[in-house]
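Here are a few notes to read alongside the model. Keep the 3D view open as you go.

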Amino acid sequence: MKTIRYGCGLLLSAALLVGCGSEGSGPTAISGPSSTVSAAQVSPSDFPGSANTTPAQPASGSRPGEIYDVYVTGALGEKVAFTVFEPTTLTAGQSYPLVLHSHGFSGSRVTGTGQGNPASPGDVDALLAAGYGVISIDERGHGESTGTIRVMDPDFEGVNLIRILNWAETHLPWLKYGTGANGQPNNLVLGAIGGSYGGMYQYVIQNIDPKQRLDALSAQIAPNDLTYSLFPNGVIKTEWDLALFALGNTAGSQGGTAANFDPFVTKFFQDGFSSNSVNKVGRDFFYYHSNAYFCNGVSVATNGGANTKPAFAPTNSPKVNVMLFQGMRDTLFNFTEAVRNYRCFKAKGGDVRLFGYQSGHNTIFAPTIDDPGLVFQPGGAQAILDSNCGNINVNDATVKFFNLHLKGIANADAGLPKNVCLSLASGDAVLLDDVPDTNRADTSGKTVISQAFSGVTIPVVPNTTPLSGGPYVVDMGYTAPAGGAIMGGIGRLTVKISNARGGFGDPILFFGVGHQRAGGLPVWDLIDNQILPIRGVGTFTHELVGVAERLAPGDKLALLIYGGNRQYLVNGSLSVPAPFIGLVQVDGTVTLPILGNLPNIATLP
């Protein structure tokens with residue numbers, strides 16, 4: 001394959017939030033294109049000063065595929081940069097499916113072969129070898145694409161993504177067309193890969209593209225609802241948010257200056273860090289930029305300040321074929337987010353599959369001290385680099401899935417799970433028909449254990465130390481049987497939090513599932529390092545974060561309650577608008593899904 005241009009910088013992170021960029025910042029509240037939907041259907045012109053050329057299709061025979069950069073004009077006049085990878089061999093008269101690729105937050109596109117990077121999930125080289133063409137994209141404000149970063153705003157990043165597709169259809173004669181995933185004739189045969197921010201762009205295209213061109217997605221470690229990811233229950237996830245905010249403010253992009261966030265994003269997080277609270281305009285902004293907005297059909301009023309509003313209604317998109325991959329120990333975008341995306345896409349009627357693995361954002365960025373439970377895992381900290389579900393490699397699985405849905409190769413997916421592959425540890429996974437969930441009726445073959453508790457008294461003080469504040473243990477009264485078992489899926493917590501003696505203000509407590517191993521030290525490991533904050537006094541019902549763990553005979557389970565947690569370091573349990581100091585009483589009921597001792601798929605013949 002001939003490379004016309006190579007280079008473009010190292011991917012820095014697959015993290016999401018606020019970041020680096022080019023050209024200066026704009027006003028605090030800005031509107032998108034005057035007619036966003038019509039703008040989304042326009043084939044863009046070359047960016048001023050760029051003379052894009054596309055290699056000619058061979059008149060006969062074959063030639064090696066070429067790699068070249070393209071620069072077009074975005075909906076607001078910004079530069080949109082991407083790299084076209086022709087199939088490895090281009091044969092006259094033959095057409096090829098196209099796959100989009102994009103990077104994680106603060107990264108940049110792939111511009112040549114051999115640039116695989118764990119910070120940008122998705123293997124471009126494997127797709128080229130399998131006979132696909134690829135377009136790798138610099139998202140708005142990243143790499144060589146200019147404009148401020150709006151955190152995958154449909155009205156800004158989204159519109160520019162649609163313009164890239166329009167350019168491809170008017171400039172690439174080798175594209176393949178066929179019946180689309182939703183039954184539309186003469187539709188571009190199109191897939192997409194990427195992780196984190198590189199998964200979010202796939203959801204945006206699926207949700208706003210007026211031509212509904214996507215046929216198959218392969219999204220890794222991507223969110224469902226950014227309000228849940230970044231400030232669950234209105235509590236700022238300070239360890240992640242501060243780290244990502246700092247990363248974005250120091251990591252410049254290929255094409256311009258550093259700190260290229262939209263000013264609204266910057267101000268929102270500055271206010272959030274100082275108050276440990278979230279305003280409605282901020283909730284609107286991040287919810288609109290989430291797949292949940294389109295899945296759930298819930299409107300919002302604004303998109304980044306006064307006099308703004310979303311350009312796209314919360315309309316659920318048609319069916320599409322989807323492979324989802326999510327890290328079980330990922331504390332930025334957790335497994336529950338993948339389950340919600342899985343249910344959303346499954347309801348549309350496409351071929352939708354969900355795979356867990358041990359890797360994720362914690363592997364890429366967060367220090368492993370965040371996850372003391374790794375001492376109990378086979379392979380220790382090294383195990384969280386594992387991006388297989390059991391013995392199923394995600395890149396191999398993606399190529400097989402695309403071969404099935406983009407090339408129409410019968411049985412190309414042989415050996416791949418049809419529904420859910422649940423990762424328990426590195427090299428250990430089980431196959432399920434559905435995700436066990438005690439919040440809803442399902443057919444996952446689970447049993448449910450339930451434990452009521454009352455009179456748990458916890459001191460809550462503003463703390464900023466990672467080890468203070470618990471855990472306080474509510475033993476589930478469960479001991480794994482002689483054959484062992486699996487705690488896997490999503491539990492349910494109903495809890496009443498009330499002032500005990502001398503308390504005032506709003507307390508913040510943190511809840512997770514604990515595991516104690518038989519015959520070992522009498523300590524409780526927070527399963528998969530997953531924690532859920534709850535703020536205030538009153539009665540609350542919530543899904544616990546989805547987790548999975550294989551239990552040896554004699555192992556026990558508990559609900560763990562913390563007065564502080566490292567993932568919420570700095571603000572800790574401090575509810576700044578109404579600080580609480582004193583004792584709280586916690587009463588409630590917790591239910592967890594238990595599976596039998598299912599076999600590890602890596603050991604099956």
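**Notes on the aromatic rings**

1. Start with Phe286: it counts as buried because its relative accessibility is 0%. (Buried means under 20% relative accessible area, exposed over 50%, partly exposed in between, using a 1.4 Å probe and protein chains only.)

2. A quick word on the ground rules: this is a predicted model, where local features need pLDDT of at least 70, side-chain atom pairs count only at pLDDT 80 or more, and totals for chains, interfaces and linings use all residues. Residues are numbered from 1 along each chain as its sequence is written, and side-chain values use heavy atoms, with hydrogens and water left out.

3. You'll find 17 aromatic pairs in the structure. Rings of Phe, Tyr and Trp (its six-membered ring) pair if their centres lie within 6.5 Å; planes under 30 degrees apart are stacked, over 60 edge-to-face, and the rest tilted. Phe268 and Phe269 make an edge-to-face pair, 4.9 Å centre to centre with 90° between the planes.

4. Phe268 also pairs with Phe286, this time tilted, at 5.3 Å centre to centre and 50° between the planes. That pair links distant parts of the chain, 18 residues apart: Phe268 is in helix H7 (residues 263–275) and Phe286 in helix H8 (residues 280–288). Helices (H or I, at least four residues) and strands (E, at least two) are DSSP runs, numbered from the N terminus.

5. Is Phe268 buried or exposed? Buried, because its relative accessibility is 5%.
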